[in-house]
Amino acid sequence: MAVLSHLEPKEVFAYFEQLCSVPHGSGNTKQISDLCVRFARELGLRCRQDEVNNVVIWKDGTPGYENAAPIILQGHIDMVCTKTETCTKDMAVEGLDLDTDGEWVWAKETTLGGDNCIAVAMILALLADKTLSHPPLEAVFTVDEETGMGGAFALDCSDLKGRQLLNLDSEEEGVFTVSCAGGARLDCFLAGSREPLAGETGYTVTLEGLLGGHSGGEIHMGRASANQVMGRVLYTAMEKIPGLRLADIRGGKFDNVICPYNQAKAAVPADKAPEFEALIRELDAVLKNEYTGCDDGIALRCEQTALSAALSQETTERMLHVLLALPQGVQAMNVDFPGLVQTSLNLGVMGMEEDGLHFAVSVRSCIASQKEMLMQKVRSIVEFGGGAVSVRSAYPGWQYVRESTMRERLLETYREVCGKEGVIDATHGGLECGLFIEKMPGLDAVSLGPELHNAHSVRERLSVPSTERMYRLVREFLSRSK
């Protein structure tokens with residue numbers, strides 16, 4: 001039975017529920033891509049699906065709009081798959097369990113994927129609408145936006161004629177985004193192999209209860225990164241308890257999510273075990289004090305565990321020096337847009353493997369030179385510690401353009417439809433607009449969307465009335481684009 005069938009706009013939430021019924025995490029988009037293709041074919045619309053599962057659908061302008069300039073409607077079909085520790089759902093093969101109270105929509109124990117399937121649902125509804133007067137439409141659904149914008153990188157734009165782009169990947173109603181940060185992922189490696197213990201006592205150290213969140217949209221909120229904090233905890237323990245040896249450390253699943261959980265294993269001299277346990281209790285109190293108001297649930301604990309091997313003291317010292325030195329979070333704020341983060345980085349994923357420690361850092365900045373500087377800083381720290389760094393998924397930023405007739409029309413339409421003034425803003429998050437602008441010179445772009453809270457977390461919530469207003473706005477804008 002459909003859970004969202006009573007919500008308005010019915011057609012939008014019907015498509016949203018259908019999209020949520022199939023798995024569509026980044027790198028696992030074949031089913032949802034095929035769903036979009038079937039939709040186009042059932043309506044007799046021309047479409048194209050490429051080898052990475054991007055989908056483009058064309059719809060001719062309605063009578064009287066045949067010669068109007070085409071408009072590109074764009075969103076991404078992949079989502080970040082996060083779930084609670086108690087959730088048994090396999091998000092690689094199962095759809096989501098949706099719920100609503102009439103005001104908000106969420107998924108039980110998992111992320112909702114409103115980022116960005118609500119955009120896809122809105123666009124499908126617009127394409128299926130036979131009552132709407134509109135110019136030629138080019139609907140573009142990209143994949144793997146959440147893991148480096150791989151779909152947008154791979155997309156062939158040569159058959160797209162539109163030079164006006166509505167990207168529906170923003171998360172605050174009435175805020176029209178006109179600039180975003182560029183970014184890159186740095187894959188870092190520190191070699192090390194485990195050696196047998198010599199009578200030490202083993203411990204599992206757990207850091208949990210953190211809020212986490214989107215490393216673009218929520219990096220300024222001061223939330224703790226479990227990966228960074230665990231590095232600090234273990235470095236402090238190493239300083240106070242000579243002989244500590246690291247056996248394992250791992251946390252995070254996605255580069256662009258502030259890590260909410262980390263678990264490490266370490267060995268300490270047997271006669272230092274009580275001292276180590278007391279230090280962990282002391283640091284738990286320190287962290288609770290430091291993160292009051294932004295990460296009130298933070299908790300650090302340890303328990304004895306059986307270990308047979310760990311890294312040498314020398315390798316442990318080298319790794320923990322690197323982890324302590326690595327910057328995390330906001331590095332610079334933007335002058336032109338007060339309150340906007342200009343440059344930041346996030347240690348999103350780390351894990352100890354047989355050959356050593358692997359970790360990934362996501363770097364963002366709307367200033368290309370600062371992005372390069374921060375990448376240089378990470379390389380310097382890791383390489384000084386004997387490690388190696390490689391770069392992947394680098395993408396361009398989207399520079400603010402002062403003159404935009406499309407933006408002015410959109411603001412005027414919003415004012416008349418919603419009775420409020422829109423806000424022009426920039427985001428520290430990465431948007432695909434920069435890549436489209438790079439591929440299609442002269443493209444005029446604006447990003448907008450309904451109210452969506454706590455994206456990339458199990459607390460993700462989509463506003464129902466906001467979705468209705470934003471859908472009405474886009475319909476009206478299209479009808480005025482003659």
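Rings of Phe, Tyr and Trp (its six-membered ring) are taken to pair if their centres lie within 6.5 Å, with planes under 30 degrees apart counted as stacked, over 60 as edge-to-face and the rest as tilted. The model examined here is predicted, so local features need pLDDT of at least 70 and side-chain atom pairs count only at pLDDT 80 or more, while totals for chains, interfaces and linings use all residues. Residues are numbered from 1 along each chain as its sequence is written, and side-chain values use heavy atoms, with hydrogens and water left out.

A search of the whole structure finds 4 aromatic pairs. One of them is formed by Tyr-203 and Phe-276, a tilted pair with 4.8 Å centre to centre and 45° between the planes. This pair links distant parts of the chain, as Tyr-203 belongs to strand β11 and Phe-276 to helix α6, 73 residues apart. Helices (H or I, at least four residues) and strands (E, at least two) are DSSP runs, numbered from the N terminus. Both Tyr-203 and Phe-276 are buried; buried means under 20% relative accessible area, exposed over 50% and partly exposed in between (1.4 Å probe, protein chains only).

Phe-337 and Tyr-400 form an edge-to-face pair, with 5.9 Å centre to centre and 85° between the planes. Phe-337 lies in the loop between β18 (329–333) and β19 (341–353) and Tyr-400 in the loop between β21 (388–395) and α9 (405–418), so the pair ties together parts that are 63 residues apart in sequence. Phe-337 is buried, at 15% relative accessible area, whereas Tyr-400 is partly exposed, at 30%.

Helix α6 (residues 273–290), which contains Phe-276, has 18 residues and reaches 26 Å from its first C-alpha to its last, close to the expected 26 Å. The expected span is 1.5 Å times one less than the number of residues. The buried residues of α6 are Ala-273, Phe-276, Leu-279, Ile-280, Leu-283, Asp-284 and Leu-287. They cover an arc of only 145° around the axis, which puts them on the same side of α6; the arc is that of the directions from the helix axis to the C-beta atoms. An α-helix has 3.6 residues a turn, so residues three or four places apart point the same way. The face turned away from the buried side of α6 carries the exposed residues Pro-274, Arg-281 and Asn-289. Among the elements covering the buried residues of α6 are β11 (201–208), α5 (226–240), β15 (262–268) and β16 (299–304), where contact means heavy atoms within 4.5 Å.
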